Amino acid sequence: MWWDTTRRSLARVLLVVVTVVALNHEEMIGRRRKTALLEGDILIGALFSVHHQPKQKSAFTLTCGEIREQYGIQRVEAAFMAIDEINANQTLLPNITLGVEIRDSCWYSSIALEQSIEFIRDALASPGDNANRTLTSDACKSASTTSKRLVGVVGPGSSDVTIQVQNLLQLFRIPQVGYSATSRDLSDKSRFSYFMRVVPSDYYQAQVMVDIVRHYNWTYVSAVHTDGNYGQSGITAFRELAEKNNICIAKEDSVLSNAEDEAFDMVIHQLREDQRANVVVCFCEGMTVRNLLLAAQRNNVTSRFLFIGSDGWADRSDVVAGLEEAAVGGLSVKITSSSVGEFDDHYFQLDPDNNKRNPWFKEFWQMRFNCSLPGHEEIVSLPPCSGMESLRDRYKQDTKMAFVMKAIYTMAWGLHNMQRDLCPFSQGLCESMLPINGSLYRDYLVNVTFSYMGELVTFDSRGDPPGRYDIMNYQRLKNGSFDYVRVGTWDNGTLVVHEERVVFNSSDGLPPTSVCSEPCSYNEYKSFVESGDEKCCWICTLCDKDEYLMNETTCQRCTPGYWPNTNKTGCDAIPVKYIMWDDAESIVALSLASLGFLATSFTMLVFIRYNHTPVVKASTRELSYIIFVGMMVSYCATLPLLARPTTLSCAVSRIMPGLSFAMIYAALVTKTNRIARILAGNKKIMMRKPRFMSATAQVIITCILISIEVGIITTTLILDPPDVDHIYPRQKEVKLVCNTPPRGIIAPMGWDFFLIAMCTVYAVKTRNLPENFNEAKFIGFSMYTTCVIWMAWLPIYFGSDHKIICMSMCTSLSAMVTLVLLFFPKIYIMLFRPEKNDRSAFKTATTVRCHIGSSSKASMSRPSDPSPSAAIESLYVGPAMLGIGQPQLSLMQRIRSTLGMPFIPPIGILPRDPNPRSMLRREISVWSDASGSAGTGGASSNNRDMMLRRAYGSQLDLTGGDMLWSREDRSSQTTDDLLDPLIPRLRRRVARAVRENDIDVSEGREFFSITHNWMISQVCPGETHDKKME
């Protein structure tokens, strides 16, 4: 506030000083200048160049030259016409009369400043202040008694004069609207904050020329400008814009318009030095362009260069007069200006009698028609005017007429918007609006938007309107004449060129080439060379096949999963691949899995049908069914493996293979372990009850082994939640897979591999069994094949891209091998050789080597060998012989107890029987009853069963699940078979005990005598029985 008050006080002081000087000067010249005034509630000041500027020699007198029609009288009348239209418009400034005060600037700075002082005095004077106002014009006498509210100034026309007037007006916060000044400097709001204009700045003209150059892809051009303010400011703007748009200037020069021919020849010679720059941008005055064309003609390079001229050339005929051939094909820029049709009617009806408000009109009339008017300053030797004169003769409308009227309308619309905001509840002026605040009014002017003659009038932040230009092309017409043809427009940054109308001075009629380097192909980027024109001179370098052209200078690699499109303008998503159900490998995997599932289902049904036959019982039914279920799960694992990867399918595919293998091989481990434990008791006889030999125990052990696998799978699923992921095996390939990490496969399969390894070890240990007890052999074959399959699986799965198919095929093959090698022989017996599905078919009749225990002590026996010491060694050895626990009885007492004989306490504990022979007979009788092969019931059978259970453990099944079945059908291992291996082992133990003095010789002889007949009876009848079966 303090600075505003001080500034206004200083302005008043300055105004007083300038007024005193101006009044003294007026007294010196003896008269006041004419002023045209239309009264109103609010006044607008206008500065027009009604007269030419003073001659150079008489400029100090401030005497204006001759009167001007287009720049003077027509613009004055245009201002009057605009004011009349505004006051007649009820929607624009309703209930407010707009007036105008017009003064003559004479296109001269000093006179314009003098007239501006009058505007300032009117703006600062109070409404009732009319001090010291005297007018010499009768048309303006009413102004002496009229209060004025001057709010702004329109004009003047010259940019140089406008700059000086603005420097004065902005001190008093008086807005100024230009209608003809185009200097780029006036856009600087830090210097000219209260100026705006309705004509575009020369900056836009430079933008037009840059856009034309860009339109034809001329990236390497030369530049020439007139040596002066106009040319220098214009070419500076062009240079700045060209740099931003990657346009390089090869050669740049300047020349005066009135320079000698040699100077222009030197310019042409310099332009010729660069053979690649064939387009010349010329921000020049008209005469500069003409002289350049003359120099090109003299040097015979008229067809070499294409000139692009500014509005100094525009469509002027005097520039190309006599140089038509040299100028053909040239392009020039011309400010778009509409013709005001209504003005012609208004102007043509004017005459000195009806136009009293224009104080310069009579002077113009006399000059225009070379006649004198009565009652006016008569010109000597001129005839009086006849009254028949018409302004239609030799009439040409001012090209800036529309801009003058736009400037008046801009003032009016600014006042209208200001009144509407400050006086919302009343029409006309209100106290809130008075006095007019110049700064506030300036803000409203900048934000004005209205339509005039079909054009939208707006202003940017610099107070400039959008630029609108016409693109002119000088060409030979069809009739042989030469003229300018409008071939395009430029409207606020949008260039439109009608290519079909453009004519170039070339043999083929095509635009010339003006580039430093040829454009690169769609798949090449620019590698700039080290030179001063690094933006325009380059080497084209090919992009890689997986790269797209991000910009002119960079090739960017596509992100994984994307590939450059055909034009290298971007990256398109690569179609995601995953195994489809109709793929060849999927069909093979599904066929194998389906075949295996059907075969396993059939085998399981056969086992259920023959559930109580010796073959099924000998296979350990419960474990066999677990294996069947595991194989079915293994085949079903193919479905989630081949399905489209989702979170669910990925989770199931990680669960089913490992779980199925655990079910299969856990059951096989349990079965082979049981066989191995039975064979491990070849060294000594144990009387303790064997452990974990029952079917329930075997199932529980199998479930425990399976549960370990379940725990491992659950842990891996928690640590690595299943999800889908994209992998990129090759540059142009994307696969949708499950995000299964290596430990998600290795951990579950590691436990399965451990079970397979244990099965293989047990299979190797039990590989040589009696011919009729050879299930371990088939287990061995199955394990050997499984190991081969999974040894091949490891490198294929972890070293190739076919992980899914590899896992699916190996899973199905593993189950198929187990089915074929382990169960198909039993299916063959049950379906095609039912006579072998009998207890007698499992009787041992061949020589067997046992590899459990000390192999050096293994003995051989043949059925034809009569020696008792050559008795056969059987596979089936009970847990009681494993040597678990400390013996409490002597060897003979344990033998007696095993054979079901009465218990005889050791010597020294109980008194000896007084009749040992009778005791021996009873024992022989008991042995005979226990070892009789013909007995199938009664006490002898009970004794035999009791003896076998004591020897083999309580889990020995001698009764079967159904009492309706015969004893021979209840087990594939008969009691005779169980007795066969028992006696030879006991005999060796007794012989060893006699040698070591553990028992008496007589007791040993007694035992050998008891068992000798049994062994003889078992060899011969066995052969007879086999022959009968055949």
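Leaving aside its neighbours within four places in sequence, which residues is Asp398 in contact with? In this predicted model, local features need pLDDT of at least 70 and side-chain atom pairs count only at pLDDT 80 or more, while totals for chains, interfaces and linings use all residues. Residues are numbered from 1 along each chain as its sequence is written, and side-chain values use heavy atoms, with hydrogens and water left out.

With those neighbours set aside, Asp398 is in contact (heavy atoms within 4.5 Å) with Gln70, Tyr71, Gln74 and Arg75. Asp398 lies in the loop between H12 and H13; helices (H or I, at least four residues) and strands (E, at least two) are DSSP runs, numbered from the N terminus. Asp398 counts as buried because its relative accessibility is 2%. Buried means under 20% relative accessible area, exposed over 50%, and partly exposed in between (1.4 Å probe, protein chains only).

Helix H11 (residues 341-348) contains the buried residues Phe343, Asp344, His346, Tyr347 and Phe348. The buried residues of H11 pack against helix H2 (69-88), helix H12 (361-369) and helix H13 (401-422).

Strand S3 (residues 98-104) is largely enclosed by the rest of the structure, because seven of its seven residues are buried. Leu98, Val100, Ile102 and Asp104 point one way from S3, whereas Gly99, Glu101 and Arg103 point the other way.

Two strands pair if DSSP finds at least two bridges between them. S3 pairs with strand S1 (residues 35-38) in the antiparallel sense over four bridges, and Ile102 in S3 is the bridge partner of Ala36. With strand S2 (residues 42-48), S3 pairs in the parallel sense over seven bridges; here Val100 in S3 stands opposite Ile44.
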